[in-house]
Amino acid sequence: MAGIELRSAAFSDHTMIPRRHAHDADNVSPPLTWSGVPDDTAELALLCEDPDAPSGTFVHWLVTGIDPRVGGLDAGETPQGGQAHRNGFGERGWGGPQPPVGDDAHRYFFRLYALPAPVSLPDRATADDAHSVLDRQQLASGTIVALYQR
């Protein structure tokens with residue numbers, strides 16, 4: 001399986017994400033760019049999750065239906081053609097990091113999936129819901145990890 005290269009101008013892999021992207025700050029989604037999407041991709045899906053959350057893996061962002069010809073998005077933008085689902089805060093779209101004060105830095109996994117056909121996920125899909133569909137159907141994927149601590 002080929003890999004998608006996923007990058008951000010706001011952070012490098014396994015480095016701290018700027019505070020402006022945090023839920024209790026400006027709550028602006030980070031800019032992302034990607035390359036290496038397979039030619040036979042019908043749509044892209046974007047998932048950001050925190051596996052270090054005290055109550056279990058927390059969904060910070062889930063967008064399906066992204067146009068596979070798009071190569072990225074600016075800060076604060078919903079990907080072109082994408083349908084933003086509700087995050088773990090109950091809000092539609094991006095919900096930035098907000099780990100408990102005093103916790104070690106949490107990891108925020110941004111995953112982009114290339115899919116052979118449109119997918120259907122519940123509006124408030126859990127991380128397990130998303131993985132059960134996206135991991136199984138993907139043609140390719142890419143991951144970048146941000147860190148955040150309060």
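**Exercise 1.** Determine which residue in E9 stands opposite Phe-109.

*Solution.* Phe-109 stands opposite Val-145 in E9. Strands are DSSP runs (E, at least two residues), numbered from the N terminus. Strand E8 (residues 106-115) and E9 run antiparallel and are joined by nine bridges; two strands pair if DSSP finds at least two bridges between them. The model is predicted: local features need pLDDT of at least 70, side-chain atom pairs count only at pLDDT 80 or more, and totals for chains, interfaces and linings use all residues. Residues are numbered from 1 along each chain as its sequence is written, and side-chain values use heavy atoms, with hydrogens and water left out.

**Exercise 2.** State which strand runs parallel to E9, and how many residues of E9 are buried.

*Solution.* Strand E2 (residues 15-16) runs parallel to E9, with two bridges. Met-16 stands opposite Leu-147 in E9. Of the nine residues in strand E9 (residues 140-148), seven are buried, that is, under 20% relative accessible area (1.4 Å probe, protein chains only).

**Exercise 3.** Explain why one side of E1 and of E6 is left without a neighbour in the sheet.

*Solution.* The open sheet has three strands in the order E1-E3-E6, with antiparallel pairing. Strands E1 (5-7) and E6 (72-73) are at the edges with a single partner strand each, so one side of each has no neighbour in the sheet. Strand E3 (residues 32-35) is joined to E6 by two bridges, and Thr-33 stands opposite Gly-72.

**Exercise 4.** Identify residues that Trp-34 touches.

*Solution.* Contact means heavy atoms within 4.5 Å. Not counting residues up to four places away in sequence, Trp-34 touches several residues, including Leu-6, Gly-72 and Leu-112.

Key
Helix = DSSP H or I, 4+ residues; strand = E, 2+ residues; numbered from the N terminus. Buried < 20%, exposed > 50% of the residue type's maximum accessible area, 1.4 Å probe, protein only.
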